[in-house]
Amino acid sequence: MDDHLTGQTVELLQQLIRNRCVNDGTIMSGQESRNSDTLRSYLQGSGLDIEVYQPAHAPGRESLVARIEGSDPEAPTLCLMGHTDVVPVNPKTWTRDPFGGELVEGEVWGRGAVDMLNLTASQAVVLRALARRPGGWRPRGTLVYLACADEEAGGLLGAGHVCERHWDALRADYCLTENGGTVSRGADGGLNVTVHVGEKGVAWRRLRVKGTPGHGSMPYGADNALAKAARVVSRLADYQPAPYVDELWRRFVDTLHLDPAAKAALTDPSRVDAAIAGLDPRLARLAWSATHTTFSPNVCHGGVKTNVIPDAVDVEVDIRTVPGDSEDEVRRHLDKALGGLAEEVEVERLFSKPASVSPTGTPLWDVLGRVVDAHYPGARLLPRMILGFTDAPYFRQRGAIAYGFGLFSPALTVEAMSGRFHGNDERVDVESLALTTQAWLEVCELLLA
């Protein structure tokens with residue numbers, strides 16, 4: 001691996017962390033122009049075509065696109081995509097400054113170190129290295145780099161905006177983004193490297209529960225919206241839709257260190273719910289979300305004063321859908337969960353993105369297998385469905401193949417990665433930065449040259 005490139009990735013990652021592009025979901029947060037400016041300064045002077053895009057109604061929410069044009073119009077176009085925003089953080093719960101970008105004992109600390117400024121930085125380093133090769137690098141295929149805003153709030157102001165309004169700047173056949181690349185040992189003793197080939201859908205909803213105002217001193221028989229909202233929340237939390245078992249889930253179950261009977265139950269739709277109940281709690285949470293459309297009521301607003309019976313309460317629900325669940329199906333789920341309360345609830349759509357999956361038998365999949373084997377001989381690619389969301393669906397909607405990839409050290413386990421995503425003391429080891437930087441370089445050379 002190239003120590004010089006690794007050093008650049010470390011330094012660029014540190015600067016991106018220090019820019020504090022915190023996206024709290026409001027339109028004026030994020031201000032990803034700070035990271036866009038940093039990346040533009042880093043890439044300038046390399047002969048790259050660089051453009052910056054932002055929605056007219058969202059100043060400071062910039063996304064950057066840079067490209068190396070290929071020589072053959074029939075050859076594929078690969079987009080390396082990373083987002084530049086990060087989620088909010090409570091500094092009091094961290095061991096170190098979450099925006100210090102400190103390098104301590106071989107790890108870079110800070111919000112965004114794994115989600116996903118590490119990949120955004122390493123992709124930029126590889127793009128510049130290829131562009132600055134002596135004599136120029138002119139591959140057959142085209143390489144595009146997208147550093148996009150707003151992923152942490154759904155991507156409508158970032159990748160969504162660029163894909164909808166400026167697709168000609170991308171025109172990608174393939175896209176690589178977050179967040180595969182973790183290494184684990186399967187039940188048979190072999191190594192697996194995760195590649196996320198799809199993700200669950202998102203259907204955020206606001207449920208308005210109505211009642212009748214009155215004096216708090218006379219609650220008997222009152223039409224209290226908060227009391228009804230409590231029942232709504234309880235029914236949503238208890239709702240259990242039918243399970244969804246597909247080939248991706250079956251392949252994952254095969255890698256688990258469980259006895260054959262437990263594996264058989266976990267892949268049987270008629271027994272999977274009972275089997276999940278008997279698992280370790282951490283694995284059970286993952287298994288349930290991987291096999292069900294889920295409903296998590298997370299926000300509640302209502303009431304105006306302690307002695308006033310509320311006439312309206314809003315409950316915001318995070319719904320994550322399995323493939324095949326349409327907008328109509330989401331409403332049917334809600335009606336079924338709420339039962340007789342459904343008629344007293346108004347449903348408002350906050351944000352939706354359908355579940356999406358890319359096939360594996362592609363030239364890019366073969367290239368990823370070769371790259372992984374070069375660093376972890378004999379390791380297999382393990383296709384997975386991600387439970388959260390990324391910007392990949394915007395590319396899949398355009399017909400592109402999109403995978404979540406990266407290449408991390410054995411020290412950055414699945415458990416460590418999941419604990420640091422949106423968590424305290426987020427950090428990434430330099431070995432993982434080196435591996436990922438090298439992996440992007442090798443993928444570009446193998447797929448596009």
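Leucine 103 sits opposite valine 108, a residue of strand 5. In this predicted model, strand 5 covers residues 107-109 and runs antiparallel to strand 4, with two bridges joining the pair. Both strands belong to an open three-stranded sheet with the order 4-5-19 and antiparallel pairing. Strand 4 (103-104) and strand 19 (427-429) are the edge strands, each with a single partner, so one side of each has no neighbour in the sheet. As a reminder, strands of a sheet pair through backbone hydrogen bonds, in either a parallel or an antiparallel fashion.

The loop between strand 4 and strand 5 holds glutamate 105. Phi of glutamate 105 is near 50 degrees, which is a positive value in a residue other than glycine. Glutamate 105 also counts as exposed, given its relative accessible area of 81%.

Now for the helices on this sheet. Helix 1 (residues 3-18) lies across strand 4, strand 5 and strand 19, and runs at about 15 degrees to strand 5. Helix 14 (residues 430-448) lies across strand 4, strand 5 and strand 19 too, running at about 70 degrees to strand 19.

Helix 14 also packs on helix 3, at an angle of about 45 degrees and with the axes 9 Å apart. That angle makes helix 3 oblique to helix 14, and the crossing is right-handed. On the helix 3 side, the contact involves Asn118, Leu119, Ser122, Gln123, Val125, Val126 and Leu130, while helix 14 brings in Leu433, Thr436, Thr437, Trp440, Leu441 and Cys444.

Helix 3 (residues 117-131) has a further partner in helix 2 (residues 33-43): their axes come within 10 Å and cross at roughly 25 degrees. With that angle, helix 2 counts as roughly parallel to helix 3. This crossing of helix 2 and helix 3 is right-handed.

Most residues other than glycine have a negative phi, and most peptide bonds are trans. Glutamine 31, in the loop between helix 1 and helix 2, has a positive phi near 45 degrees despite being a residue other than glycine. At 21% relative accessibility, glutamine 31 is classed as partly exposed; the cut-off for buried is under 20%.

Then there are the cis peptide bonds. One joins aspartate 115 and methionine 116, with omega about -20 degrees, and methionine 116 lies in the loop between strand 5 and helix 3. Another links glutamate 178 to asparagine 179, with omega about 0 degrees. Asparagine 179 belongs to the loop between strand 7 (174-177) and strand 8 (183-185).

Turning to helix 9 (residues 281-291), its buried residues are Ala284, Ala287, Ser289 and Thr291. The cover over the buried residues of helix 9 includes helix 6 (247-255), helix 8 (272-277) and strand 12 (294-302). At the N-terminal end, helix 9 is capped by aspartate 280, with a side-chain oxygen 3.0 Å from the backbone nitrogen of arginine 282.

Notes. Residues are numbered from 1 along each chain as its sequence is written. This is a predicted model: local features need pLDDT of at least 70, side-chain atom pairs count only at pLDDT 80 or more; totals for chains, interfaces and linings use all residues. Side-chain values use heavy atoms; hydrogens and water are left out. Two strands pair if DSSP finds at least two bridges between them. Helices (H or I, at least four residues) and strands (E, at least two) are DSSP runs, numbered from the N terminus. Contact means heavy atoms within 4.5 Å. Axes are lines fitted to C-alpha atoms, for helices over the stretch in contact, and angles run from 0 to 180 degrees between N-to-C directions. Buried means under 20% relative accessible area, exposed over 50%, partly exposed in between (1.4 Å probe, protein chains only). A polar contact is a pair of N or O atoms within 3.5 Å; within protein, one must be able to donate a hydrogen and the other to accept it, and residues adjacent in sequence count only if both atoms are side-chain atoms. Angles under 35 degrees count as roughly parallel, over 145 as roughly antiparallel, 65 to 115 as roughly perpendicular and the rest as oblique. A crossing is left-handed if the near helix is turned anticlockwise from the far one by less than a right angle, and right-handed if clockwise.
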